[in-house]
Amino acid sequence: MRRCLELAKNGLGTTYPNPLVGSVIVHNDKIIGEGWHKKSGEPHAEVNAVNSVKDKSLLKNSTIYVSLEPCSHFGKTPPCCDLIIENEIPNVVIGTIDPYIKVAGNGIKKLMEAGKKVTVGILEAECNELNKRFFTFHKKKRPYVILKWAESQDGFIAPLILRKAQTRGKAELNEVNDIKKRKPVWITNEFSRQLVHKWRSEEQAILVGTNTVIDDNPRLDVRDWTGNNPIRIVLDPNNRAPKDSHTLDNQVKTIIFSKSIPPRTEENIIFEEIDFEQDLAQQILQTLHKHQIQSVIIEGGRQTLQTFIDANLWDEARIFIGKSSLGLGIEAPKITLRNIEKHSIDDDELLISRNHD
């Protein structure tokens, strides 16, 4: 089962909306086949494992291990239960039950009715952790939420002058933007930034607020890594994002939350109208669930991050602490962290915490 988990992780970031699944086939205590689900619409892990077995006659006396309950319904591909039954594999070992309503125990039931010996719950916690995004989406009806920010040694996430200039008037904002050229002020080192791009390739969406778009003009892509760019989510209640913003370049699917929908026709830009005065985080997550988004990284700014913290609608917090101090600036979000993991990224410190509430 541990090998199943290792294999399944190869699909992180490429299987959405499907779960991560790995499968191993064992005959006389030797692995004779293995596979994982690589992409939605392509063969599932069990299919790839069976296809990798050179001598198919061995399957009649083998055990197939799979990290998630085999599907029993027709989707983009045929049911994996049928494949196991057709190949007369007698023993099936399953890591955990699939919470998806079209499976949810039906795969196990079908296998047992076909006379298979089915064992369930092997490394169950690890298998659940593997598909924390998929499970959260189907059980809580919302995406898995990851908070991410970088702060200085003295607890600031950005220089104060930029925010002050923004509140004084449009002319001063333009002057600051001309000087800064709408680029971010880096608090962390290049290795931490590359790790963030890796994370982006693993999650389905990334979310920022209007001020981040105005101040930093972020690309929100994976240019320092290899993988898929996430769907971009922007909170822009008054449609203030400049026309030349990267988030409006129509290169990647972008969802913009606004108080009113402007007359735009760009193919890759979707506007969603919501009420910014109440239950903002809940409204956002409900809408993302409607768009079939299973995971989202909240990257800023402070007000946006604090909105999700205050609503207790987050699952992980990933916080970088750089080596520099800013003296003055925008304070980091206020959050209570439990069971903190600490990692060193060269001279940066990374804190990772789970929200067990």
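A residue is called buried when its relative accessible area is under 20%, exposed when this is over 50%, and partly exposed in between (1.4 Å probe, protein chains only). By that criterion, 53% of the 357 residues in the protein chain are buried. The model is predicted: local features need pLDDT of at least 70, side-chain atom pairs count only at pLDDT 80 or more, and totals for chains, interfaces and linings use all residues. Residues are numbered from 1 along each chain as its sequence is written, and side-chain values use heavy atoms, with hydrogens and water left out.

**Whole chain**

Among contacts (heavy atoms within 4.5 Å) between residues at least 6 apart in sequence, 69% join residues at least 24 apart.

**The five-stranded sheet**

Next, select the open sheet with strand order E2-E1-E3-E4-E5, in which the pairing is mixed. Two strands count as paired if DSSP finds at least two bridges between them. Strands E2 (30-36) and E5 (117-120) are the edges, each pairing on one side only. From one strand to the next, the twist averages 15 degrees. Inside this sheet, E3 (residues 63-68) and E4 (residues 91-96) run parallel and are joined by five bridges; Thr63 stands opposite Asn91 in E4.

**The nine-stranded sheet**

Move to the open sheet of nine strands, ordered E11-E10-E9-E8-E12-E6-E13-E16-E15 with mixed pairing. Its edge strands are E11 (269-273) and E15 (341-345). Neighbouring strands here are turned by 20 degrees against each other on average, direction ignored. Select E9 (residues 231-235) and E10 (residues 254-258): they run parallel, joined by four bridges, and Arg232 has Thr254 in E10 as its bridge partner. Helix H6 packs on this sheet, touching E6 (144-151), E12 (295-300), E13 (316-321) and E16 (348-354), at about 125 degrees to the direction of E6. Helix H12 (residues 302-310) also packs on the sheet, touching E6, E8 (205-209), E9 and E12, and its direction makes about 135 degrees with that of E6.

**Helix H6**

Centre the view on H6 (residues 132-140), which is largely enclosed by the rest of the structure because seven of its nine residues are buried. Those buried residues are Lys132, Arg133, Phe134, Phe135, Thr136, Phe137 and His138. Just after H6, Lys141 takes a positive phi of about 60 degrees.

**The second largest pocket**

Finally, show the residues around the second largest pocket. On a 1 Å grid over the protein atoms alone, a pocket is an open set of points with protein on both sides within 12 Å along at least five of seven lines, and lining residues have an atom within 4 Å of a point. This pocket is lined by 32 residues, of which Asn18, Pro19, His44, His73 and Tyr100 lie nearest its centre. Helices H2 (45-52) and H6 are the elements that give two or more residues to the lining, and H6 supplies the largest share, three residues.

Definitions and conventions: On a 1 Å grid over the protein atoms alone, a cavity is a set of points where a 1.4 Å probe fits but cannot get out, and a pocket is an open set with protein on both sides within 12 Å along at least five of seven lines; lining residues have an atom within 4 Å of a point. Axes are lines fitted to C-alpha atoms, for helices over the stretch in contact, and angles run from 0 to 180 degrees between N-to-C directions.
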